[in-house]
Amino acid sequence: MQPVSDPARSIPILPSPDIAESRAFYRDRLGFETVAPDMDAYLIVRRGEIEIHFWLTPDRDLPKVSSCYIRGGEVSRLHAEFSERAVPGLTPFSVRPWNMKEFYVHDPHGNLLRFGCIPEEG
């Protein structure tokens, strides 16, 4: 069997009532890059191996009940960077009862980004 050059991965697709505002937040506050092309009804952002997609919705309540989990050893560095950037609503980076070291960020529309790693990584 030959190695896969494009391994399968899971990419969250979150709702956004304002694609332009989402683009600005993820680019300017969290340091993501926009993956071309710029579209009015769909957005793809990427930062290293982290990729998140957004779809345009008129329902402003959907993002308030949507989330994604980003797991890996780089989250400690991300928390330090987000702290330096003064990302609004950034939570402390701490070990949760389920033995994951995590921090959270809500985007401007309410989507919850949960970042975590096993305590030994962070």
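Predicted model: local features only at pLDDT ≥ 70, side-chain atom pairs only at ≥ 80, totals over all residues.

User: What makes β1 and β2 edge strands?

Analyst: Helices (H or I, at least four residues) and strands (E, at least two) are DSSP runs numbered from the N terminus, and two strands pair if DSSP finds at least two bridges between them. Four strands form an open sheet in the order β1-β4-β3-β2, with mixed pairing. In that sheet β1 (13–16) and β2 each pair on one side only, and they are the edge strands.

User: What lies between β3 and β4?

Analyst: The two strands form a hairpin with two residues between them, and G48 in the turn has a positive phi of about 60°.

User: Why are β5 and β6 said to stand at the edges of their sheet?

Analyst: This open sheet of four strands has the order β5-β8-β7-β6, again with mixed pairing. β5 and β6 each have a single partner strand, so one side of each is left without a neighbour in the sheet. For β6 that partner is β7, and the two pair in the antiparallel sense over two bridges, with V95 opposite K101 in β7.

User: Why is R23 called buried?

Analyst: The relative accessibility of R23 is 13%, and buried means under 20% relative accessible area, exposed over 50%, and partly exposed in between, with a 1.4 Å probe and protein chains only. R23 therefore counts as buried. R23 is found in helix α1 (residues 19–29), and, leaving aside neighbours within four places in sequence, R23 is in contact (heavy atoms within 4.5 Å) with T34, D38, M39 and L43.

User: Is M100 buried or exposed, and which residues does M100 contact?

Analyst: M100 has a relative accessible area of 11%, so M100 is buried. M100 is found in the loop between β6 (94–95) and β7 (101–106). Apart from neighbours within four places in sequence, the contacts of M100 are Y69, R71, S94, V95, G116, C117, I118 and P119. The C-alpha atoms of M100 and E121, which are 21 residues apart along the chain, are separated by 9.8 Å.

User: What makes the rings of Y26 and F32 an edge-to-face pair?

Analyst: Rings of Phe, Tyr and Trp (its six-membered ring) pair if their centres lie within 6.5 Å, and planes under 30 degrees apart count as stacked, over 60 as edge-to-face and the rest as tilted. The structure holds seven aromatic pairs. The rings of Y26 and F32 have centres 5.7 Å apart and planes at 80°, so the pair is edge-to-face. Both Y26 and F32 are buried, and ring pairs link F25, Y26, F32 and F54 into a cluster.

User: Why does the pair of F82 and F115 get the name edge-to-face?

Analyst: The ring centres of F82 and F115 are 5.8 Å apart and the planes stand at 75°, so this pair is edge-to-face. The pair links distant parts of the chain, with F82 in helix α2 and F115 in strand β8 (residues 112–117), 33 residues apart. F82 counts as buried at 0% relative accessibility, and F115 counts as buried at 1%.

User: Which residues line the largest pocket, and which elements do they come from?

Analyst: The largest pocket is lined by 19 residues, of which E49, I50, E51, I70 and R71 lie nearest its centre. The elements that give two or more residues to this lining are β4 (50–56), β5 (67–71) and α2 (75–84).

Key. Residues numbered from 1 in each chain as written. Heavy atoms only, no water. 1 Å grid on protein atoms, 1.4 Å probe; cavity = no way out; pocket = protein on both sides within 12 Å on 5 of 7 lines; lining within 4 Å.
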